[in-house]
Every structure is written in C-alpha cells, then in structure tokens.
Amino acid sequence: MNLLEVSDLSKAFGGYHAVSGVNMAVQQGTIHAVIGPNGAGKTTLFNLVSGVLPPTSGSVRLEGRELTGLRPDRIARMGLVRTFQGVRLFGALTVLENVQVGRYIRTASDLMAMLLRLPGRESKQEAATREKAMALLEMVGLARQHDAVAADLALADQRRLEIARALATEPRLLLLDEPVAGMNPVEVGEAAQLIERIRDSGVTVLLTEHHMSLVMKISDRITVLNHGQKIAEGSAQEVREDPLVLQAYLGTEVEGAD
C-alpha cells in the first residue's frame, strides 16, 4: 500500500528548475531513501512534500489525501512530520520539554501553561504527555539526559532529540533530512539502528542522506535524483548497478557502500 504519492511534482525558481516532474510512491512500513549528488533537488523535494515550499505544479497525497497547498502545521496534524538538515531545537528548553512540545499537537493542553506549571501540579493529560515523552526519550537513548538543556547536547544527541520530538506528534510518515550529518562511524551505526526501530514500530520513513553505506544498508527502496529529475528507483542492488546512477556519482560513492 502506498502511503505517500508524489505526482509530476515540479518547483521552479525563476528559470531554474530545482525539481522537474518527479513521480514517487512510498510504501507503508518501509524505509525509502532519496539520494543524489549535491544540488540534485533532494531538500527541495522534502520542502515541497512537507509544505515548507509550494510546488509550481504537481501534487502530493498522504493516504489519498491532498497535501498540496496546506501549511506545514496542518500537514503535521495529518501525519507527515519532518526533521531538518540543520537541527532546529528549542535550545533553552530541557530535553524532556522539547519532546513535550512535539506532543502538544496531539493534546488539548495549553502548551505554555504546561511548561510553566509548578512541579506536582500537572493534570492527568499533562502527566500522560510526560510519560509518552519519556518513553520516546528511552527509545532514542536520551532518557537519562531528560533534564539537560537541549543546547548543551552533543550534535548526535541533538539529532536524536529532534527525531524524538517528531515522533511525539505520532506521525504516519517521518521525513529525515540528512539525519547522520556530522556523526562519527559509531554514531552513524547507532542512528541506523534507531531508524530501523522506527520503521519496525510502524512509522514509515522517508530520508535523504549522503552517507551511502547507511542508505544501502537500511533502505527498502531508493529514489535517485539528478538535476531535479528522477533518474532511477529500486532496491539498493538495482540502484547500485544502474548506469545512470553510476554516471551521476562518477562510479564512486554508490559503489563504496561498505
């Protein structure tokens, strides 16, 4: 079953076509990667799918529901949530509070009242929100740091926190934009395991990433862009052997997947 359907999607900035007529379907319960050289249009595609940018033409549907033209917050409430290449946390809030903020769109609580309330005075709903947030922190390996200030975390932990905050919205589809950028090999391995756990928990994952070893290891399906156009799609093995992909990458990065 296709969870996300992208149909003839295009985005032009003046005379520059960042994305041109892209068609893509993401199946429910999979990890689907979008790869391509620098400037291929990957982040623009993510911005179009998540409502950050309006398309010039084409459509985006989630479970058959039209997303094109909707605000990002409305799209998030419909079940499509994303992280960004540059981490965007509430740096002055604690780790736990960041996840509680993400949980807010699924509750009827007043966000500021919840954050400012004295300890021991939380409502039943707020207690449930805290419990859910702590469970997500446990999932991403940050439970012991729940009282730490988000800005003080190492980069890898900040990326994990951003994922936990996104998961707090109960997404059907999670978009990850360069989730392992700046991480060392050990952290990349841990991130791979986390992304697989997210998929196995029932959340479909669409990611874009330059780390080819990670992509080839965990992706169920891969879409390849070059100059804003889709040039290939298939399994890791199919993509690795595609002549257009090898040409786009000069036969290096894709073949070098561990």
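**Notes on the predicted model**

1. Let me begin with Leu-70, which counts as partly exposed because its relative accessibility is 28%, between the 20% limit for buried and the 50% limit for exposed. Please keep in mind that this is a predicted model. Leu-70 sits in the loop that runs between strand 5 (65-66) and helix 2. Leaving aside residues up to four places away in sequence, Leu-70 touches Gly-51, Ile-75 and Met-78. Gly-51 is 19 residues from Leu-70 along the chain, yet their C-alpha atoms are separated by 6.2 Å.

2. Stepping back to the whole protein, the secondary structure comes to 10 helices and 10 strands. Of the 258 residues, 50% are buried. Among contacts with a separation of 6 or more, 65% are between residues 24 or more positions apart. The accessible surface is about 11800 Å², and carbon and sulfur atoms account for 50% of that surface.

3. Next, the open sheet, where 4 strands are arranged in the order 2-1-4-5 with antiparallel pairing. Which strands stand at the edges? They are strand 2 and strand 5; each has a single partner strand, so one side of each is left without a neighbour in the sheet.

4. Within that sheet, strand 1 (residues 2-13) and strand 2 (residues 16-27) run antiparallel and are joined by 8 bridges. One place to look is Val-6, which has Met-24 of strand 2 opposite. The two strands make a hairpin with 2 residues between them, and Gly-14 in the turn has a positive phi of about 65 degrees. Strand 1 is also joined to strand 4 (residues 57-62), again in the antiparallel sense, by 5 bridges. Here Ser-10 has Ser-57 in strand 4 as its bridge partner.

5. Strand 9 (residues 221-226) deserves a look of its own. Is this strand mostly covered or mostly open? It is mostly covered, with 5 of its 6 residues buried. Strand 9 runs parallel to strand 3 (residues 31-35), with 4 bridges joining the two, and runs antiparallel to strand 10 (residues 229-234), with 5 bridges. Strand 9 and strand 10 form a hairpin with 2 residues between the strands, in which His-227 takes a positive phi near 55 degrees.

6. Now to the largest pocket, which has a volume of about 490 Å³. Its lining consists of 20 residues, and those nearest the centre are Ala-76, Val-81, Arg-82, Arg-165 and Thr-169. Helix 2 (72-77), strand 6 (80-82), helix 3 (95-103) and helix 6 (155-167) are the elements that each give two or more residues to this lining. Which element gives the most? Helix 2 does, with 5 residues.

7. How many of its residues are nonpolar, polar and charged? The division is 11 nonpolar, 3 polar and 6 charged.

Key:
Residues numbered from 1 in each chain as written. Predicted model: local features only at pLDDT ≥ 70, side-chain atom pairs only at ≥ 80, totals over all residues. Heavy atoms only, no water. 1 Å grid on protein atoms, 1.4 Å probe; cavity = no way out; pocket = protein on both sides within 12 Å on 5 of 7 lines; lining within 4 Å. Points joined across faces, edges and corners; volume = space filled by probe spheres on them. Nonpolar A, V, L, I, M, F, W, Y, C, P; charged D, E, K, R; others polar. Buried < 20%, exposed > 50% of the residue type's maximum accessible area, 1.4 Å probe, protein only. Contact = heavy atoms within 4.5 Å. Areas by Shrake-Rupley, 256 points an atom, 1.4 Å probe, with all protein chains shown as cover. Pairing = 2+ DSSP bridges.
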